[in-house]
Structure formats: C-alpha cells, structure tokens
Amino acid sequence: MRRISAFRAHEILDSRDNPTVRDSGFPASAGTLPRSLERGNLSLNEPTIQRTPHAATAVAIVGMGMSSLLPTSNVALIVEDLCKTYNTTIAVRPLSFSLAVGSTTGLLGGNGAGKTTTIGMIMGLIEPTSGSIRVFGHDMAHDRHRVLGRMNFESPYVDMPHRLTVRQNLRVFAQLYGVTDSAGKIARLAEDLALVEFLDRPSGSLSAGQKTRVALAKALINDPELLLLDEPTASLDPDTADWVRAYLETHRRDRNCTILLASHNMAEVERLCDRVIMLKQGSLVDDASPAELLARYGRSNLEDVFLDVARGRVNAKNRVDS
Amino acid sequence: MIAAAAISLGRIGAMVLRYTYLLRSSWPRILEMVYWPAVQMLTWGFLQTYLVRAQGVVPNSAAIAAGTLIGAVLLWDILLRGQQGFSFSFLEEMWSRNIANLLMSPLRPAEFVVALMVMSLIRLAVGVVPVTLMAIEFFGFNLWALGFAFAAFFVVLIVFAWSVGLLVSGVLLRYGLGAENLAWSLMFIIQPLGCIFYPVATLPGWLQPICWVLPPTYVFEGLRGVLIDHVLRTDLMLTGLAIDSLLFTGAAFAFAWLLASARRAGTLLQTGE
C-alpha cells in the first residue's frame, strides 16, 4: 500500500474554492473525490495524496485514477499510467505522478532509467505506448498545441543553430513562442544570465557554459509555467553551475514556475527540489521530499540514497511501495 | 497533422527569419546556390550553340535552335533547386540538432512545411533567377518571355518539388541523417523519366506510362510544344497539376505518418550532426 504523507482531506476539499484552481485549466465541474478520501482513509487501489511543501493549496497525487481528483488540485502536470516500449525493450513501465504548480521536482535515476524518455513524452517528442499526460488540464496526445506555448525545455541533447548569433536564435524562438516585445525580453534575459557580451557572437563559437546559459535563456524566453530541464548544469564548472541553480531558484520563486528536473547531480537536487521521484529501469521506486528520503534510507545525503536504490540496497523504512 | 487550422503567420515568419539569418551568415551557401545552375546553363547552352552550328549533320537542329535544350535545363534547375531548397532548409535543423527545439515549440508541422516552401522560393529566387538572366545575355534565350506558359510550368514543377521535399523530410525525421543522401539524389531519378531533353516517344513503349505519371513530363512536353509549335497545351498543364495535387496530398500524409512514426520510435531526440 502506498504511504500517505500528511494527508488532510479537508484541505483538499477547501482547495475547490481556491481561485488558482480555476486558473489551472481544469474543468471546474469534472470529477469527484473518491469515497475513500471523503472518509479520510485510503484503500489499496485508490490514489493517495501528498502535501507538497511549496504549494499550500496544491496537492501532489501519487497513484492511479487521479483524473477523478482534477478539480480539487492546483496541478501543472498529471502523468497517469505512462508506459513506453521500444519493440521488446520496456523504457518506462506504468508511471504515475503529478506536479503541483510552483513546485520543483527532481527526476532521478541511473542511465537508462527512463528520465529522458519520460521528459520526451511530456514534451510530446515521444509518443507513449499507453497512458496519458495532461499539462494544465490539456491532454498532450490530442491537445498539445494548446499548451506548448506555456512550457519549455532545456537539454544537452538538443542544440541551437550554430551559425546564428545568440540574439538571432533568441529572436527566432521569441517569435515562435509569440513573445511580445521580444527585444526587451532578450535584453532582460541577457542581463539576468550574463549573456550581454556575446549576444552578437555565433552560438557555435561559445564555450559549454555559455551555451548552457543560452539554452536556459531560450527555455525561459516565453516565461514558461512548466519548465523541463534535463541535466541543466552538466558540463558547467562549479561556479557557473551554482550560479545557474541560484537563478533557477529565484525564477521559480518569482514566477511560480513548475520545474521538473532530471539530474545526476545529487547536491543540485537537494538544493533545488522539494520533491524527488526516483526511477529505476523505467519504474517509479520512490517519491518523497529529499528530507523524507534521507530519513527513510537512513542516509546523510541523496547520493547515498541514489546508490542504495541503484544497487538494490533497499532497506528503507516506510518506502513508498514497501 | 497538416491541418490548415490555426496557422500562424508569425511562426511561419519566425522560421523564414531563421533561414534568412543562416543564408546571410554564409556566403558559400549563397554562392553554391548560383554556382551549379550557372554551370549547368553554360554547359548546355554551349552544347546547344554547337549543335545549331552543325546544321545538316544533326537532325532536329531547328528544334534545338528554338532553345529546347537550354529551356529544359533552366526548368530542370527550377525543379531540382526547388526540392533541394526545401530539403536543405529542413536538413539545416537536423545538422544543428534543433529539430527537437522546434517540435516542442508551438510551431505546428503545417507551419514548418509552409516555411520550408517559402524558403524553397527564396532560394530559387537567389539561385535561378540570375541564371535565367545570364541565359538571355549569353545565348539570347529568354525564359521570362514565355509569359503565362512559364508561370504554368513553374507551378507544376514547384509543387512536384515540394512533394518530393516533403517526402524526403519525413524520411529524414524518421530515419535520421542516415537518409541524408536522398535529399541530394532522389530527384535525379526524374531526369531520365521526366523526359527533360527528349520527347516521351523516344522511350520504349513499356516505360512511357511511367513517364506520364510524373508531372515534370507534362512540363517538358509542354515546353517543346511552346518552343517548336508555338502552342501551350493547356490539357498537359491541367493534367500535370491534377497529378501534382494527388502527389502533394500523398506526400503530406506520408510526412504526417513518418512524423508520428518518429514520435513512436523516439528518434526526434536523437537527431544530430
């Protein structure tokens, strides 16, 4: 049975009246609470709910059948029973989670755990074999173009045209995302991300750190409400990486942006994330706040927790699916 | 997938802007666009001049003198460069690993395709228009003087070029840069079958029905009709356009299917140089 963390049914019910719920894009009349939640207890087959630290009115839902909870949640993303199979290889096994608006969630797992595939499916670049993804209430399988303008993505797996200057690249993406006052927006991002001195240099001539900052500027060009980051500080020196993390923290706080972050840097995850989803061989093996994970596994840092999970040394107390 | 609904001119403009920046940043690209059409035109133009001077030795020299060779080579360049302008613009996204950035943006596939068509026209304007002017100067052949006939030839050829470009782009999306050679070479299969430099009747009987499936055949037959008989065969042009419509529709469906297949196979995140 899945663990319930600080569940308070009356708060979920209260959130129905919260105006931010209406802004989340979910239909106000859809769905009802499962009977077990109204009773204040849960059964094996019904969804469980976790409070998230950074969204007082929001809930993070773990489990199945969560669509019935839509109107009660201020949720940016709902992934339900997501599965991806390539021929006979299972990349992602049925995976369900949701992200509260304004939260930062780390997606952890070893190589081949399914992180990039999961993010690719959320962005609509990879078609799930089964399951569903809803972003701000829109089904990504059929309604992707209604919501893509509210999302953005940064990854070392994608690049920007090398021959175009940084300014030209950002101008093109600003226009693609329908940004008004693109010149002003580019100037502000250049100032914030310290790009000013090489705005008019070809993107291909930049160092790895500079390219990462440009990619981050591209990912922030439309002030995304949902930002997906795949290894955002890979290949950066410690100083620049620290600077990028500080920027992301500030951005999340100022814009109430929801962030899903895939990373192998455990210090980064501990610093940025209020929740961690751990994947192994395509399956969700744990889902909790960094502090809860440390307590659960009896470790002092997330790296040791990661190694416990990766090497199968799972002796955690109160594990999600124990 | 290629739905016309909710097309944004702003997003199409963004893509055209992106390719225009690229052209402006690279003089070799601009030079290359003019270089090959110019070389082709000069080679065939001088060959035509030689054949005309060999009157009595070479049959049909009157037809050659009318400009069927140089006219055909100019129209062939419109066809080839039109397709390459479309496909190479698409390839730029693959080479720069930018395709995922585009497909996760609000840009719709139909807008992407329209932007590629616009770029195909812009690259033609840069590469082929100067060569048509050179043909007037060097050989006294004025393609523009054909007027409405030239417009009809152009439309049939460019729609076919876009159909091939769309199909090649879909294959590239699905199978990656391993299929890059198609962008360079696929159109050359049209050269013998499209009857560019000779009438359809020249080919064996069993091959002729295949030729008549290809819209360029109608254009090059039409060109000879205009230059030799001074008649524009509207029936040929209408048939060519009708086949074009079918082929373009088929290519659009193929592109949509290949894009969906690439999403299923997860290849959109793996494209690169």
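This is a predicted model: local features need pLDDT of at least 70, side-chain atom pairs count only at pLDDT 80 or more; totals for chains, interfaces and linings use all residues.
**Entry 1: chain A overall**

I started with burial: of the 322 residues in chain A, 49% are buried. I then looked up the secondary structure of chain A and found 12 helices and 12 strands. Next came contacts. I took those in chain A between residues at least 6 apart in sequence, and 67% of them join residues at least 24 apart.

**Entry 2: the sheet with 6 strands**

I followed an open sheet of chain A through its 6 strands, and the order reads β8-β9-β10-β5-β11-β12. The pairing in this sheet is mixed. Which strands stand at the edges? They are β8 (151-154) and β12 of chain A. Each has a single partner strand, so one side of each has no neighbour in the sheet. On average, neighbouring strands here are turned by 15° against each other, if I ignore direction.

I zoomed in on one pair in this sheet. Strand β5 (residues 104-108) and strand β10 (residues 258-262) of chain A run parallel, joined by 4 bridges. I picked A:Gly106 and looked for its bridge partner in β10(A), which turned out to be A:Leu261.

Then I checked which helices go with these strands. Helix α12 (residues 302-310) of chain A packs on the sheet and touches β5, β11 and β12 of chain A. The direction of α12 makes about 30° with that of β11(A). I also found α8(A) lying across β8 and β9 of chain A, and it runs at about 170° to β8(A).

**Entry 3: the sheet with 4 strands**

Chain A has an open sheet of 4 strands too, in the order β4-β3-β6-β7, and its pairing is antiparallel. The edges here are β4 (89-100) and β7 (138-139) of chain A; each has a single partner strand, so one side of each is left without a neighbour in the sheet. As an example position, I noted A:Val79, which stands opposite A:Ile133 in β6(A).

**Entry 4: helix α4 of chain A**

How many residues of α4(A) are buried? I got 9 of the 9, so this helix is largely enclosed by the rest of the structure. Among the buried ones I jotted down A:Lys115, A:Ile119, A:Gly120 and A:Met123.

I went looking for positive phi in residues other than glycine. A:Asp223 has one, near 45°. I found A:Asp223 in the loop between α8 (208-220) and β9 (226-230) of chain A. Is A:Asp223 buried or partly exposed? It is partly exposed, because 14 other C-beta atoms lie within 10 Å, and the buried label needs 20 or more.

A:Gln281 is not a glycine either, and its phi is positive at about 50°. This residue sits in the loop between β11 (275-280) and β12 (283-288) of chain A. A:Gln281 counts as partly exposed, with 14 C-beta neighbours inside 10 Å.

**Entry 5: A:Arg171**

I wanted to know where A:Arg171 sits, and the place is helix α6 of chain A. It is a buried arginine: A:Arg171 has 22 C-beta neighbours inside 10 Å. Leaving out residues up to four places away in sequence, A:Arg171 touches A:Ser182 and A:Ile186. I also compared it with A:Ala183, which is 12 residues away in sequence and 7.4 Å away in space, C-alpha to C-alpha.

**Entry 6: where chains A and B meet**

Last stop was the contact between the chains, which takes 27 residues from chain A and 26 residues from chain B. On the chain A side, α4 (115-123) and α6 each supply at least two residues. That side divides into 14 nonpolar, 10 polar and 3 charged residues.

The axes of helix α6 (residues 166-176) of chain A and helix α1 (residues 9-24) of chain B come within 8 Å and cross at roughly 165°. That makes α6(A) roughly antiparallel to α1(B), and their crossing is left-handed. Which residues of α6(A) meet α1(B)? They are A:Gln168, A:Val172, A:Gln175 and A:Leu176. Facing them in α1(B) are residues including B:Gly10, B:Ala14, B:Leu17 and B:Tyr21. I sorted the residues of this helix contact by type: 5 nonpolar, 4 polar and 2 charged.

How values were computed
Residues are numbered from 1 along each chain as its sequence is written. Chains are lettered from A and ligands numbered from 1 in the order in which they are written. Axes are lines fitted to C-alpha atoms, for helices over the stretch in contact, and angles run from 0 to 180 degrees between N-to-C directions. Angles under 35 degrees count as roughly parallel, over 145 as roughly antiparallel, 65 to 115 as roughly perpendicular and the rest as oblique. A crossing is left-handed if the near helix is turned anticlockwise from the far one by less than a right angle, and right-handed if clockwise. Two residues are in contact if their C-beta atoms, placed from the backbone, lie within 7 Å. Ala, Val, Leu, Ile, Met, Phe, Trp, Tyr, Cys and Pro count as nonpolar, Asp, Glu, Lys and Arg as charged, and the others, Gly among them, as polar. A residue is buried if 20 or more other C-beta atoms lie within 10 Å of its own, exposed if 12 or fewer, and partly exposed in between; C-beta atoms are placed from the backbone. Two strands pair if DSSP finds at least two bridges between them.
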